[in-house]
Amino acid sequence: MTAQLDLDVVIEAGDWRDDELVAIRSAVEAALNAAAHDGALWDEDDEKSLLDQVTVIEISVTLSDDASVRVLNRDYRGKDAPTNVLSFAALESDEGASEFDLAPDMPLMLGDIIIARETCQREADDQKKPLLHHLLHLSVHGTLHLVGYDHMVDDEAEHMEQLERHILAGMGIDDPYAPIEDQDVETGQ
(Lines give C-alpha, C1' and ligand atoms only; values in the text may rest on other atoms or scores of the structure.)
Protein backbone atom coordinates (compact mmCIF):
# COMPACT_ATOMS: atom_id res chain seq x y z
CA MET A 1 0.00 0.00 0.00
CA THR A 2 1.46 3.31 -1.05
CA ALA A 3 -1.21 5.63 0.37
CA GLN A 4 -0.58 7.82 3.38
CA LEU A 5 -2.69 6.79 6.36
CA ASP A 6 -4.58 9.59 8.05
CA LEU A 7 -5.45 7.79 11.27
CA ASP A 8 -7.36 9.76 13.87
CA VAL A 9 -7.13 8.03 17.26
CA VAL A 10 -9.36 9.60 19.89
CA ILE A 11 -9.67 8.64 23.54
CA GLU A 12 -13.35 9.03 24.40
CA ALA A 13 -13.29 7.23 27.74
CA GLY A 14 -11.21 4.72 29.65
CA ASP A 15 -7.65 4.44 30.86
CA TRP A 16 -5.62 4.14 27.64
CA ARG A 17 -1.79 4.27 27.51
CA ASP A 18 0.37 6.02 24.93
CA ASP A 19 2.10 2.78 23.91
CA GLU A 20 -1.30 1.26 23.14
CA LEU A 21 -2.14 4.15 20.80
CA VAL A 22 1.17 3.75 18.95
CA ALA A 23 0.70 -0.03 18.69
CA ILE A 24 -2.88 0.35 17.43
CA ARG A 25 -1.61 2.62 14.65
CA SER A 26 0.92 -0.06 13.63
CA ALA A 27 -1.78 -2.74 13.67
CA VAL A 28 -4.09 -0.69 11.44
CA GLU A 29 -1.24 -0.03 8.98
CA ALA A 30 -0.26 -3.71 8.92
CA ALA A 31 -3.88 -4.75 8.32
CA LEU A 32 -4.28 -2.30 5.42
CA ASN A 33 -1.03 -3.47 3.80
CA ALA A 34 -2.03 -7.12 4.12
CA ALA A 35 -5.54 -6.42 2.84
CA ALA A 36 -4.18 -4.60 -0.23
CA HIS A 37 -1.83 -7.51 -0.90
CA ASP A 38 -4.72 -9.95 -0.42
CA GLY A 39 -6.84 -8.14 -2.98
CA ALA A 40 -9.27 -6.23 -0.77
CA LEU A 41 -11.27 -3.61 -2.65
CA TRP A 42 -9.95 -5.07 -5.90
CA ASP A 43 -10.43 -2.89 -8.98
CA GLU A 44 -10.82 -5.14 -12.02
CA ASP A 45 -10.24 -2.25 -14.44
CA ASP A 46 -6.89 -1.22 -12.96
CA GLU A 47 -6.02 -4.74 -11.76
CA LYS A 48 -5.02 -3.55 -8.30
CA SER A 49 -6.57 -2.73 -4.96
CA LEU A 50 -8.33 0.58 -4.49
CA LEU A 51 -6.04 0.85 -1.44
CA ASP A 52 -3.10 1.14 -3.87
CA GLN A 53 -4.77 3.76 -6.07
CA VAL A 54 -5.40 6.55 -3.58
CA THR A 55 -2.93 8.94 -1.98
CA VAL A 56 -4.62 9.19 1.43
CA ILE A 57 -6.70 6.71 3.43
CA GLU A 58 -8.71 7.98 6.40
CA ILE A 59 -9.73 5.88 9.39
CA SER A 60 -10.98 6.95 12.80
CA VAL A 61 -10.34 4.84 15.90
CA THR A 62 -12.23 5.73 19.06
CA LEU A 63 -10.93 4.24 22.29
CA SER A 64 -13.85 4.06 24.65
CA ASP A 65 -15.50 2.17 27.47
CA ASP A 66 -18.22 -0.43 27.87
CA ALA A 67 -20.99 2.10 28.54
CA SER A 68 -20.47 3.98 25.27
CA VAL A 69 -19.97 0.84 23.20
CA ARG A 70 -23.08 -0.72 24.73
CA VAL A 71 -25.19 2.20 23.43
CA LEU A 72 -23.68 1.92 19.94
CA ASN A 73 -24.09 -1.86 19.90
CA ARG A 74 -27.73 -1.49 20.97
CA ASP A 75 -28.56 1.29 18.51
CA TYR A 76 -26.77 -0.12 15.44
CA ARG A 77 -26.76 -3.88 15.96
CA GLY A 78 -29.78 -4.42 18.21
CA LYS A 79 -27.63 -6.02 20.93
CA ASP A 80 -28.01 -4.33 24.32
CA ALA A 81 -24.59 -5.26 25.69
CA PRO A 82 -21.04 -4.02 25.31
CA THR A 83 -18.76 -5.73 22.81
CA ASN A 84 -15.01 -5.59 22.28
CA VAL A 85 -14.86 -3.81 18.90
CA LEU A 86 -17.30 -2.22 16.48
CA SER A 87 -16.52 -1.26 12.89
CA PHE A 88 -18.58 1.12 10.82
CA ALA A 89 -17.45 0.86 7.21
CA ALA A 90 -17.96 3.86 4.93
CA LEU A 91 -18.06 1.59 1.87
CA GLU A 92 -21.06 -0.67 1.35
CA SER A 93 -18.93 -3.71 0.42
CA ASP A 94 -15.62 -4.76 -1.02
CA GLU A 95 -17.31 -5.51 -4.35
CA GLY A 96 -17.70 -2.82 -6.96
CA ALA A 97 -14.31 -1.16 -6.49
CA SER A 98 -14.11 -0.75 -10.27
CA GLU A 99 -17.20 1.46 -10.16
CA PHE A 100 -15.99 3.51 -7.21
CA ASP A 101 -15.48 7.08 -8.43
CA LEU A 102 -12.91 9.05 -6.44
CA ALA A 103 -11.25 12.30 -7.45
CA PRO A 104 -7.43 11.95 -7.64
CA ASP A 105 -6.76 14.19 -4.64
CA MET A 106 -9.68 12.96 -2.54
CA PRO A 107 -8.97 10.78 0.50
CA LEU A 108 -10.55 7.34 0.70
CA MET A 109 -12.59 7.36 3.90
CA LEU A 110 -12.85 3.79 5.14
CA GLY A 111 -14.79 4.32 8.37
CA ASP A 112 -14.66 4.11 12.13
CA ILE A 113 -13.46 1.56 14.67
CA ILE A 114 -14.56 1.75 18.31
CA ILE A 115 -12.88 -0.35 21.01
CA ALA A 116 -14.23 -0.91 24.55
CA ARG A 117 -11.51 -0.96 27.21
CA GLU A 118 -13.20 -3.01 29.95
CA THR A 119 -14.46 -5.74 27.63
CA CYS A 120 -11.00 -6.04 26.06
CA GLN A 121 -9.36 -6.27 29.48
CA ARG A 122 -11.84 -8.92 30.63
CA GLU A 123 -11.35 -10.98 27.47
CA ALA A 124 -7.56 -10.72 27.66
CA ASP A 125 -7.65 -11.88 31.28
CA ASP A 126 -10.01 -14.76 30.44
CA GLN A 127 -7.83 -15.80 27.49
CA LYS A 128 -4.62 -15.46 29.51
CA LYS A 129 -3.00 -13.12 27.00
CA PRO A 130 -1.46 -9.67 27.27
CA LEU A 131 -4.01 -6.88 26.88
CA LEU A 132 -1.84 -5.20 24.25
CA HIS A 133 -1.89 -8.34 22.07
CA HIS A 134 -5.68 -8.50 22.31
CA LEU A 135 -6.01 -4.79 21.45
CA LEU A 136 -3.82 -5.30 18.39
CA HIS A 137 -5.88 -8.28 17.30
CA LEU A 138 -9.09 -6.26 17.61
CA SER A 139 -7.54 -3.33 15.74
CA VAL A 140 -6.58 -5.65 12.88
CA HIS A 141 -10.01 -7.30 12.99
CA GLY A 142 -11.82 -3.97 12.90
CA THR A 143 -9.66 -2.66 10.06
CA LEU A 144 -10.34 -5.75 7.95
CA HIS A 145 -14.06 -5.17 8.40
CA LEU A 146 -13.61 -1.64 7.01
CA VAL A 147 -12.20 -3.03 3.76
CA GLY A 148 -14.86 -5.67 3.24
CA TYR A 149 -13.85 -8.76 5.19
CA ASP A 150 -16.51 -10.50 7.22
CA HIS A 151 -17.09 -13.67 9.23
CA MET A 152 -20.78 -14.35 8.80
CA VAL A 153 -20.18 -17.29 6.43
CA ASP A 154 -17.71 -20.08 7.26
CA ASP A 155 -15.52 -19.63 4.16
CA GLU A 156 -15.24 -15.88 4.71
CA ALA A 157 -14.59 -16.34 8.42
CA GLU A 158 -11.80 -18.82 7.75
CA HIS A 159 -10.17 -16.49 5.21
CA MET A 160 -10.43 -13.47 7.53
CA GLU A 161 -9.02 -15.42 10.49
CA GLN A 162 -6.09 -16.69 8.39
CA LEU A 163 -5.29 -13.14 7.32
CA GLU A 164 -5.51 -11.94 10.94
CA ARG A 165 -3.14 -14.74 12.03
CA HIS A 166 -0.67 -13.77 9.29
CA ILE A 167 -0.74 -10.06 10.19
CA LEU A 168 -0.39 -10.69 13.91
CA ALA A 169 2.41 -13.23 13.43
CA GLY A 170 4.30 -10.50 11.57
CA MET A 171 3.91 -8.39 14.71
CA GLY A 172 5.17 -11.20 16.96
CA ILE A 173 1.73 -12.05 18.35
CA ASP A 174 0.53 -15.62 18.84
CA ASP A 175 -2.52 -17.03 17.06
CA PRO A 176 -5.51 -15.30 18.68
CA TYR A 177 -7.76 -18.21 17.73
CA ALA A 178 -5.64 -20.93 19.31
CA PRO A 179 -7.35 -22.71 22.19
CA ILE A 180 -6.49 -21.36 25.61
CA GLU A 181 -4.21 -23.65 27.60
CA ASP A 182 -6.24 -25.96 29.86
CA GLN A 183 -9.47 -25.04 28.04
CA ASP A 184 -11.84 -27.65 26.66
CA VAL A 185 -12.02 -26.98 22.90
CA GLU A 186 -15.65 -28.19 22.71
CA THR A 187 -17.13 -26.16 25.57
CA GLY A 188 -14.68 -23.25 25.80
CA GLN A 189 -14.50 -23.84 29.59
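Tutor: D15 is found in the loop that runs between β1 (4-11) and α1 (18-38). The model is a predicted one, and every value below is computed from it. D15 counts as exposed because its relative accessible area is 62%, and exposed here means over 50%. Not counting residues up to four places away in sequence, D15 touches E20 and R117.

The buried residues of α2 are D66, V69 and N73. These lie on the same side of α2, because they cover an arc of only 65 degrees around the axis.

D66 has a relative accessible area of 13%, so it counts as buried. Leaving aside neighbours within four places in sequence, the contacts of D66 are P82, A116, E118, T119 and R122. With R122 there is also a polar contact between the two side chains, at 3.1 Å.

The two other buried residues of the helix, V69 and N73, are both contacts of T83. T83 has its place in the loop between α2 and β5. At 18% relative accessibility T83 is buried, since the cut-off is under 20%. Apart from neighbours within four places in sequence, T83 is in contact with R77, A116 and T119 as well as V69 and N73. A116 and T119 are likewise in the contact list of D66.

Further along α2 comes Y76, which takes part in an aromatic pair. A search of the whole structure finds one such pair. Y76 and F88 form it, with an edge-to-face arrangement: the centres are 5.2 Å apart, and the planes make an angle of 70 degrees. The pair links distant parts of the chain, with Y76 in α2 and F88 in strand β5 (residues 85-89), twelve residues apart. Y76 is exposed, as its relative accessible area is 58%, whereas F88 is partly exposed, at 25%. After α2 comes G78, whose phi is positive, near 70 degrees.

As for the whole chain, the protein has five helices and six strands. Read from the N terminus, the order of elements is β-α-β-β-β-α-β-β-α-α-α. Of its 189 residues, 42% count as buried. Among contacts between residues at least 6 apart in sequence, 70% join residues at least 24 apart. The accessible surface comes to about 10,300 Å², and 46% of that belongs to carbon and sulfur atoms.

Note on methods. Residues numbered from 1 in each chain as written. Predicted model: local features only at pLDDT ≥ 70, side-chain atom pairs only at ≥ 80, totals over all residues. Heavy atoms only, no water. Buried < 20%, exposed > 50% of the residue type's maximum accessible area, 1.4 Å probe, protein only. Polar contact = N/O pair within 3.5 Å; in protein donor to acceptor, adjacent residues only side chain to side chain. Contact = heavy atoms within 4.5 Å. Phe/Tyr/Trp six-rings, centres within 6.5 Å; stacked < 30°, edge-to-face > 60°. Helix = DSSP H or I, 4+ residues; strand = E, 2+ residues; numbered from the N terminus. Arc of directions from axis to C-beta. Areas by Shrake-Rupley, 256 points an atom, 1.4 Å probe, with all protein chains shown as cover.
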